[in-house]
Amino acid sequence: QVQLVQSGGGFVQAGGSLRLSCAASGTSLSGNLIGWYRQAPGKQRELIAEISGGGSTNYAGSVKGRFSASRDNYANAVYLQMNNMEPEDSAVYYCYAKIRAVPSGYLEVWGQGTPVTVSS
């Protein structure tokens, strides 16, 4: 069974830092597309960071320069380092993986979500 299990998150004051982790089981994250999403109350889920299969990263304008996504193929996990956090970053954060399937197609997997609250 393919699973993404998230950890980290919690409460932090504005200006502080948090690190989210997302560990995979039942599949390898290496070479696959990874995304970090968040959903604030009353808002749609939004993509904030992405790691391509080749390892390049892209960020939403709202987090660029403050958040950093990375992948550790040995640990089979991905991370989201969040620095200089703002109250507007408060949301439930999700990791996502688009896994290449054999012989063709893709399997889309979501983490369980982890809440982050930034106090002013």
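Guide: Accessible areas come from the Shrake-Rupley method with a 1.4 Å probe. This is a predicted model, and the accessible surface of the protein comes to about 6,400 Å², with 48% of that area belonging to carbon and sulfur atoms.

Visitor: How many helices and strands does the protein have?

Guide: Helices and strands are taken as DSSP runs and numbered from the N terminus. Here there are 0 helices and 11 strands, so the order of elements from the N terminus on reads β-β-β-β-β-β-β-β-β-β-β. The radius of gyration is 14 Å, close to the 14 Å that the globule rule gives for 120 residues, and the protein is therefore as compact as a globular protein of that length. Along the principal axes, the C-alpha atoms fill a box of roughly 50 × 25 × 25 Å.

Visitor: Among contacts between residues at least 6 apart in sequence, what percentage join residues at least 24 apart?

Guide: A contact means heavy atoms within 4.5 Å, and within that set of contacts 53% join residues at least 24 apart. Leaving aside residues up to four places away in sequence, Ser21 touches Val5, Gln6, Ser7, Trp36, Val78 and Tyr79.

Visitor: Is Ser21 buried or exposed?

Guide: Ser21 is buried, because its relative accessible area is 18% and the cut-off for that class is under 20%. Thr57, placed in strand E6, residues 57-59, has a relative accessible area of 33% and is therefore partly exposed. With residues up to four places away in sequence again left out, Thr57 touches Glu50, Ile51 and Ala69; Thr57 and Ala69 are 12 residues apart in sequence, with a C-alpha to C-alpha separation of 7.2 Å.

Visitor: How many salt bridges does a search of the whole structure find?

Guide: A salt bridge is a side-chain nitrogen of Lys or Arg within 4 Å of a carboxyl oxygen of Asp or Glu. The search finds 4 of them, and Arg38, Glu46, Arg66, Glu86 and Asp89 are linked in a network of salt bridges.

Visitor: Which side chains meet Arg38 in salt bridges?

Guide: One is Glu46, at 2.8 Å from N to O, and another is Asp89, at 2.9 Å from N to O. Arg38 lies in strand E4 (residues 33-39) and Asp89 in the loop between strand E8 (77-82) and strand E9 (91-100), so this pair ties together parts that are 51 residues apart in sequence. Arg38 counts as buried at 5% relative accessibility, and Asp89 is buried at 1%, whereas Glu46 is partly exposed at 33%.

Key
Residues are numbered from 1 along each chain as its sequence is written. This is a predicted model: local features need pLDDT of at least 70, side-chain atom pairs count only at pLDDT 80 or more; totals for chains, interfaces and linings use all residues. Side-chain values use heavy atoms; hydrogens and water are left out. Helices (H or I, at least four residues) and strands (E, at least two) are DSSP runs, numbered from the N terminus. Buried means under 20% relative accessible area, exposed over 50%, partly exposed in between (1.4 Å probe, protein chains only). The radius of gyration is taken over C-alpha atoms; the globule rule is 2.2 Å times the number of residues to the power 0.38.
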